[in-house]
Amino acid sequence: MHMTMFLGETAACTASAGSTSIFVISNQASDATAAAPMRPGWREVRDVLQEREADPARRQQLANARKRLAHVLSERGSVTFLRLEMGLSRRALAALSSIPEAELSRLEGGAETDPRLSVCCRLAQALDRSLAEIAAAIEVSGRNSRDLMRTW
C-alpha cells in the first residue's frame, strides 16, 4: 500500500479571488507509480521483527520495551495502550484474540467505532479486561482519531 499526499495551493479550488490551500491524502497508488526498489542490504521492518520475535530472549526484550513505552506511544486507556501495556505486538494480539490484524488496526486507530460484541469479548479475554474497560478503550481510541482529523 502506498500513501500519496499533496499539500499545496491551487487557484482552481477557490470560491473567491486568490488561492486556497487543499490537502489530498490517498492510500491508493496509481498503476503508473511503482514501488521503489529496496536498497541493497536493507530489509523490511516486518521481516526483522518477525525474525527477532522468533528468538525467545529477543521476544521478551521486545515485550519489555513495549511495556516501558506504552505511555509514550499511545494515550492511557486506549486499545493500543492496553495492548502495549501487556507487551503484545498487534500480530500477537491478533493471534491471541482470533481477530484479524487489520481489524485490530482499525480499532486502535478509531476507524471502527462500533465493533461487534463478539470482537469486544475476544479482545477483553485476550487482554484480561472487562467489557466495560474495552468499550472505554475503544471510545478513547475513536476520540483520538476524531481529534486528529479536526486538526487537518
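**Notes on the predicted model**

1. Start with A137, which sits in helix α7. Helices here are DSSP runs of H or I with at least four residues, strands are E runs of at least two, and both are numbered from the N terminus. A137 is buried, at 0% relative accessibility. For reference, buried means under 20% relative accessible area, exposed means over 50%, and partly exposed is what lies in between, with a 1.4 Å probe and protein chains only.

2. What does A137 touch once residues up to four places away in sequence are left out? The partners are G77, S78, V79 and L82, where a contact means heavy atoms within 4.5 Å.

3. A word on ground rules before going on. This is a predicted model, in which local features need pLDDT of at least 70 and side-chain atom pairs count only at pLDDT 80 or more, while totals for chains, interfaces and linings use all residues. Residues are numbered from 1 along each chain as its sequence is written, and side-chain values use heavy atoms, with hydrogens and water left out.

4. On confidence: the chain has a mean pLDDT of 78, and 70% of its residues get to 70 or more. The stretch to watch is residues 1-24, where the pLDDT is below 50; this stretch still makes 38 contacts in the model beyond near neighbours in sequence. pLDDT is the predictor's confidence in each residue, on a scale from 0 to 100. Where it is low, the predicted coordinates should not be read in detail.

5. Overall layout: there are seven helices and two strands in the chain, and along the sequence they run β-β-α-α-α-α-α-α-α. Of the 152 residues in the chain, 25% are buried. Among the contacts with a separation of 6 or more, 42% come from residues 24 or more positions apart.

6. Now the α1/α2 pair. Helix α1 covers residues 45-54 and helix α2 covers residues 56-73; their axes come within 5 Å and cross at roughly 115 degrees. That makes α1 roughly perpendicular to α2, on a scheme where angles under 35 degrees are roughly parallel, over 145 roughly antiparallel, 65 to 115 roughly perpendicular and the rest oblique. The axes are lines fitted to C-alpha atoms, for helices over the stretch in contact, with angles from 0 to 180 degrees between N-to-C directions.

7. Which residues make that contact? From α1 it is L49, R52, E53 and A54, and from α2 it is P56, R58, R59, L62 and R66. By type, the contact of α1 with α2 has four nonpolar residues, five charged and no polar. Here Ala, Val, Leu, Ile, Met, Phe, Trp, Tyr, Cys and Pro count as nonpolar, Asp, Glu, Lys and Arg as charged, and the others, Gly among them, as polar.

8. Two non-glycine residues with positive phi deserve a look. S98 has phi near 60 degrees and lies in the loop between α4 (90-97) and α5 (101-109). S98 counts as exposed, at 53% relative accessibility. D128 has phi near 55 degrees, and its loop is the one between α6 (117-127) and α7 (131-151). D128 is exposed as well, with a relative accessible area of 67%.

9. Cysteines: how many disulfides are there? The count is zero, with a disulfide taken as a pair of cysteine sulfur atoms within 2.5 Å. The closest cysteine sulfur to that of C120 is in C121, 7.0 Å away, so the gap is too far for a bond. C120 is buried, with a relative accessible area of 11%, whereas C121 is partly exposed at 35%.

10. Two more pairs that are apart in sequence, in case you want to check them on screen. Q61 is in helix α2 and exposed, with a relative accessible area of 52%. From Q61 to G87 the C-alpha distance is 9.4 Å, with 26 residues of separation in sequence. R106 is in helix α5 and partly exposed, at 41% relative accessibility.
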